[in-house]
Amino acid sequence: MAPSSFHFLSIFFLISFLLILTSESKSQPTTFKPNKLVLPVQKDRFTHLFVTNVHKRTPLKQVPFVVHLNGQFLWVTCEQNYLSTTYHAPFCHSTQCARANTPYCHTSSSRARPGCHNNTCGLMALNPVTRQAAMAELAQDVLSIQSTNGVNLGPFARVPNFLFACAPSFLLQKGFPKNVQGIAGLGHAPISLPTQLASHFGFPPKFALCLPSSYSSNGAMFFGDGPYFMGPGMDVSRQLSFTPLTISREGKYYIGVTSIRVNNKPVPINRSLLKFNANAGTGGTKISTIKPFTVLEHSIYQSFTKFFTSQLSGIPQLKPPVPPFRVCYDSRKLSNTKLGPGVPNIDFVLQNQNVKWTISGANSMVQARPGVTCLAFVDGGFRPRASIIIGSHQMQDNLLQFDLAGSRLGFSSSLLFRRTTCGNFNFSTAATP
């Protein structure tokens, strides 16, 4: 064979081989690895809880869950109409059970179905509103969640073996919005929603909450680092202040409030109550999406309300107040501002006097009934486990970023200061899971 012919055939075979490789690589499914994910969050009108819709199962079905900041995992009722070809219940002592940190074996005398198998792992599922608990079955199934670049929506990404718990339906009988089928736990725990998503997709263990104040618009829950755009050109993640984040043994989130100020004046309180005792799990300031209004230990509440009303001494209180509140006003007597009712700002002072979570009228006051506006704080009684529980009303239209690797909380204070809200993320792009 002539050298020129050999050279031609060599090039021909090389090109053919490269074309085959290219064709094969195009035919192979690619693994989509987004660096940020997002879920919409809605406020329920009747319970004041927050709900997110998650796509699960095969075929995919949109399932509504209550957002529980301190929940340890996602649980869903499986007793009725749980249909999925990809459902699997791991056996006792499997690697999945070890990951979920459960040594319990679940047994059942009923016919096998989702949530009811022999020799599977058991988890204790909790209704955080009623505090009722029940044994649930560890399970895994497909979960699909939408990606984002922080500005707009992107394609859906799948977690094929997402771990969760199948719980009995009686846990949903009290305290939850209608049609909700479970809890989406965001706590610092081995199989919580943020932990599994960060582990599966390989992005930093961070998530952010932006709870809406409106019943008609969606807030947002992000998994992964910023940016988070709440309106055109408004990257709120660049405007956060940071404070150390303490995580209890149960995976619950605490911050170090060192004092409270009203109208820039310190409220006289027993500061020893503000210290978190990690060994006993008492004291300190916890953050909660389940408590609708901030709860204060009795002595703190008494001093705080007395001091707050003294700063509004020119406006008479309404008697009797509207329970569970004890400080209420005629709405017509309060001025209206862009930051809500015209009342003194409240500051939760953190690690130093320059780092403070400022609560303006939109977050400190609530319309308890038509024409009546009340101070949105409640008395937690004597010796509660946490001296302060920051409730969801005080979190509305605030961006909170939980940096689990850095053990710090980023917070924006009210986005109304920046002329935007948590309802301004662009969820308008349609996409198919």
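# Pockets, a buried strand and salt bridges

Strand S23 supplies the most lining residues of the second largest pocket, 5 of them. The model is predicted, so local features need pLDDT of at least 70 and side-chain atom pairs pLDDT 80 or more, while totals for chains, interfaces and linings use all residues. Residues are numbered from 1 along each chain as its sequence is written, and side-chain values use heavy atoms, leaving out hydrogens and water.

Let's stay with that second largest pocket. It holds about 640 Å³ of space, and 30 residues line it. Nearest its centre are Ala-362, Met-365, Val-366, Gln-367 and His-393. Helix H5 (361–364), strand S23 (365–369) and helix H6 (392–395) each put at least two residues into the lining. Helices (at least four residues, H or I) and strands (at least two, E) are DSSP runs, numbered from the N terminus. By type, the lining of this pocket splits into 15 nonpolar, 12 polar and 3 charged residues.

A pocket here is an open set of points on a 1 Å grid over the protein atoms alone, where a 1.4 Å probe fits, with protein on both sides within 12 Å along at least five of seven lines; lining residues have an atom within 4 Å of a point.

Now for the largest pocket, with a volume of about 1000 Å³. Of its 42 lining residues, His-68, Asn-70, Leu-126, Arg-131 and Lys-252 sit closest to the centre. Strands S6 (120–126) and S7 each provide at least two lining residues, and S6 gives the most, with 5. The lining of the largest pocket is made up of 24 nonpolar, 11 polar and 7 charged residues.

How many residues of S8 are buried? Of the 15 residues in S8 (residues 153–167), 11 are buried, so this strand is largely enclosed by the rest of the structure. (Buried means under 20% relative accessible area, exposed over 50%, partly exposed in between, with a 1.4 Å probe and protein chains only.) S8 runs antiparallel to S7 (residues 133–148), and 10 bridges join the two; strands pair if DSSP finds at least two bridges between them. Leu-143 stands opposite Val-159 in S8. The S7–S8 hairpin has 4 residues between its strands, and Gly-150 there has a positive phi near 95 degrees. S8 also pairs with S4 (residues 75–77), this time in the parallel sense, over 3 bridges. One of the residue pairs here is Thr-77 with Ala-167 in S8.

Finally, the salt bridges: there are 6, each a side-chain nitrogen of Lys or Arg within 4 Å of a carboxyl oxygen of Asp or Glu. Here are some of them:

| Salt bridge | N to O distance |
|---|---|
| Asp-347 and Arg-261 | 3.9 Å |
| Asp-379 and Arg-326 | 3.0 Å |
| Asp-330 and Arg-332 | 2.9 Å |

Take Asp-330 and Arg-332: Asp-330 counts as buried at 12% relative accessibility, whereas Arg-332 is exposed at 74%. Salt bridges with shared partners also link Arg-261, Asp-347 and Lys-356 into one network.

Arg-326 is partly exposed, with a relative accessible area of 42%.

Key. Points joined across faces, edges and corners; volume = space filled by probe spheres on them. Nonpolar A, V, L, I, M, F, W, Y, C, P; charged D, E, K, R; others polar.
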